[in-house]
4 protein chains.
Amino acid sequence: MNDAMLKLKPARRERLADVLYGQILEQITSGQLVEGAKLPSEAHICRDFQVSRPVVREALMRLQADGLVVSRQGIGTFVKSRPSDKLTDFAASAEIASYLRAFEPRLALETECARLAAMRRTKAQLNQIGEALAALEGAFERGETGWEEDFAFHLAVAGAAGNELFPRLLQDLRDIMRGSMRMALGLTRQGSQERRRRVIEEHRKIFTAISSQDPDLARLYMRFHLTESRARITGSQGEA
Amino acid sequence: MNDAMLKLKPARRERLADVLYGQILEQITSGQLVEGAKLPSEAHICRDFQVSRPVVREALMRLQADGLVVSRQGIGTFVKSRPSDKLTDFAASAEIASYLRAFEPRLALETECARLAAMRRTKAQLNQIGEALAALEGAFERGETGWEEDFAFHLAVAGAAGNELFPRLLQDLRDIMRGSMRMALGLTRQGSQERRRRVIEEHRKIFTAISSQDPDLARLYMRFHLTESRARITGSQGEA
Amino acid sequence: MNDAMLKLKPARRERLADVLYGQILEQITSGQLVEGAKLPSEAHICRDFQVSRPVVREALMRLQADGLVVSRQGIGTFVKSRPSDKLTDFAASAEIASYLRAFEPRLALETECARLAAMRRTKAQLNQIGEALAALEGAFERGETGWEEDFAFHLAVAGAAGNELFPRLLQDLRDIMRGSMRMALGLTRQGSQERRRRVIEEHRKIFTAISSQDPDLARLYMRFHLTESRARITGSQGEA
Amino acid sequence: MNDAMLKLKPARRERLADVLYGQILEQITSGQLVEGAKLPSEAHICRDFQVSRPVVREALMRLQADGLVVSRQGIGTFVKSRPSDKLTDFAASAEIASYLRAFEPRLALETECARLAAMRRTKAQLNQIGEALAALEGAFERGETGWEEDFAFHLAVAGAAGNELFPRLLQDLRDIMRGSMRMALGLTRQGSQERRRRVIEEHRKIFTAISSQDPDLARLYMRFHLTESRARITGSQGEA
């Protein structure tokens, strides 16, 4: 494996690490960097991209956290999985990094929301979650992406957790969550029928676990759903 | 066990459930409601406090979540532990409910911050956490509550998690976390030397686990610290 | 909802709680006790079944732990989900209780095995897991239940955890795990094509996570697989 | 940092990895290998110890898992913490590896036992846990190590989990757990008064959480206790 050619345009705007992340991502989705290809060294990227070492490290750390590359200490960094080249139809390449980052606090917060909701939800709150689920199915049937319905579902689960701080924190992540959902569901809409079926089933499992007041199950299914959602974006699972 | 006398003043302000929570809490801390005492029925509290059933349910659910009362379905709700009567020296009784609620999203977010910080922290970030720990020790030695230093410590851990959304979410909880820390550390300052030693040791364990890059240990020690902090406020552990 | 008719034959053998569990289970699978039906009171079951209160409590606790009934304190115990009536084709009714109990230590042990295997597996160990997966697929294609291949897969994951105590403990559960797998996969073989596809996919996800050295993912997918396996037996999910 | 001198006697008995682990451990506890010292390369150890590469890798992996050394990929393996030199008073050096390995399945199994015990324990089972705790305190007061009482406590928690497979699995680990407890508590008896106080407090917290039927708290305190126990053996915490 020779070092892959990595063509970088020096960046000028703020969140430099996100811009660098986006450029590397584009070269992966476009196939210029194929799976298994070795990225140039940190020093090399610093020079070509004209940024400091911490910026390069942050971009590589995030690419690794998102499952797109893998670092082998002392050896180098390699492309691990290739997201759909349609990814950039739904988000600017520099935004994708920030959309994927949203999954980390979401995993922490929303697994706990699901657990607490299974313990504390009132009937009215359960109905709200059920209505959001039905609305998401309706949107899918009409051929829409359904990202607003998706956000409403997750907000309803947070609302059922019996602590107003949870929906408040999700509201604080609102823009980034919605961007992320628009991107994920945009890909899903273009994907197979099977893929849409899975997205609905994952949500229904969460609803059912909250309905039957099983906190461990609700937490597991929320974790599973968010993990699969992220993997559908980054292409780190070989599904249709 | 007869129903305890619960004297309630009808409430008029917004977060009615918090006001009701505060009134019941005051009667527990003051000793009017002793451990094991049975609270009046929901219907009874509705009438005396002149609020709807959902408000009463929310207040009781939160008192239970905070470990102050325990509900036995079909039997009633009983006082479980008695916080220090000095609690209301450091916070208005209607605020205490909201301060305690902050522990739920904190447990979700900050255990994940500690785990990620152990994996990703740079040397500079580790130093910042270490400096915040030293500042907290300094404040204790000067006889101060150290709540600003405490917040700085937790923010530094979030900052080391390699995802700017974590410190942003903690900043969103800033006022409520600070109120909660002022209350908890106010009690600690008045407490025993042993109690102050424990608070420092809990923070030091988190720092050491992040320093030695052990994600599971960092998560465990953060969970332990936050759980013990809450228990020190609600008096649900029999320590000095 | 009136109390359902529950016809019980007094039991004479050892593990009385399992025999009682089995009799109640049979009446659920056969449809004599329908979903939502209220079970007789503990006192009533004690008298009809001629056993002591602790035996009845244990049987009801296990039925609840397995998701077959739900207890509402102070109100009663109700049938929650109905397993396939073919369940008793694959195991004696008094054995089913013990097969389902195996999932509790398995969830504890095997999620940790999967996590450690993702961190420590050698190439040879990964190959062994991969071969066990291929063997399971082969068995399914030949129309066999594949329970020996299933056990071999889980043992290979435990073997890759880098601590010989894990496979030793699984060997200690060997008979009960195999009985449980024979029952679960017996139902799966008779089930839909879709159901067999899911079982394979769940195993493949575990393999892939261990292969790509992602401990959190491996743990999640093992937990998901074991939870779904149990739910497929107890019928607590509405799948084909 | 030069490579440390590591004097190895070629081993001839079975579990070669444990014998090698023990020899390296002895040189750490005796101070021949100081904190920060770099171990010889794998190839070097293979040659001196006359074993194959997998044996060396397993010994180093376990030393790392136990927190005694740390591997930096591509750079080498370094001594991280130094256990008490009294460790080998209580166990043969080749046994210590196997005693420390016991903590991995224990953490998996016993955290779940504690959680389930908090949900399911009968009064009789709670009393048994309480009696085991009192017996442990008694043993400490009489200046005994109390390892039999310690085992009885953990077995009583497993017995209260409402699933006979848990105590059966602990019984399967019985010899290794007892060896491990004899070693840990042997060190504790020789340690400070403060150290004995902590051991009792950790057990009491578990008992109290099970008593007050708080599953999350019981799990947390069991995890904390087992983690601290291991750290007390390996010296990876700087306590008295």
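This is a predicted model: local features need pLDDT of at least 70, side-chain atom pairs count only at pLDDT 80 or more; totals for chains, interfaces and linings use all residues.
Modeller: Residues are numbered from 1 along each chain as its sequence is written, chains are lettered from A and ligands numbered from 1 in the order in which they are written, and side-chain values use heavy atoms, with hydrogens and water left out.

Colleague: Why is Ser229(A) called buried?

Modeller: Buried means under 20% relative accessible area, exposed over 50%, and partly exposed in between (1.4 Å probe, protein chains only). Ser229(A) has 9% relative accessibility, so it counts as buried.

Colleague: Where is Ser229(A), and with which residues is it in contact, leaving aside its neighbours within four places in sequence?

Modeller: Ser229(A) is in helix 12 of chain A, residues 215-234; helices are DSSP runs of H or I with at least four residues, numbered from the N terminus. With those neighbours left aside, Ser229(A) is in contact with Phe103(A) and Glu202(A). Contact means heavy atoms within 4.5 Å.

Colleague: What makes Glu164(A) and Arg101(B) a salt bridge?

Modeller: A salt bridge is a side-chain nitrogen of Lys or Arg within 4 Å of a carboxyl oxygen of Asp or Glu. For the side chains of Glu164(A) and Arg101(B), the N to O distance is 2.8 Å, so the pair meets the definition. The count between chain A and chain B is six salt bridges. On the side of chain A that touches chain B, helix 6 supplies the largest share, seven residues.

Colleague: What is the area buried between chain A and chain B, and what is it between chain A and chain D?

Modeller: Buried area is the accessible area (1.4 Å probe) that two parts lose on being put together, summed over both. Between chain A and chain B the value is about 2,000 Å², with 59% from carbon and sulfur atoms. Between chain A and chain D the value is about 390 Å², with 22% from those atoms. Gln73(A), Arg115(A) and Asp216(A) supply 76% of the area that chain A buries against chain D.

Colleague: How do you know what relation chain A has to chain D?

Modeller: A rotation of 180 degrees with 0.0 Å of shift along its axis superposes chain A on chain D, with RMSD 0.0 Å. That is the relation of a two-fold axis. Copies are superposed by least squares on the C-alpha atoms of residues with pLDDT of at least 70 in both.

Colleague: Why do you say that the copies meet through the same surface?

Modeller: 100% of the interface residues of chain A are also interface residues in chain D, so the copies meet through the same surface.

Terms used
Helices (H or I, at least four residues) and strands (E, at least two) are DSSP runs, numbered from the N terminus.
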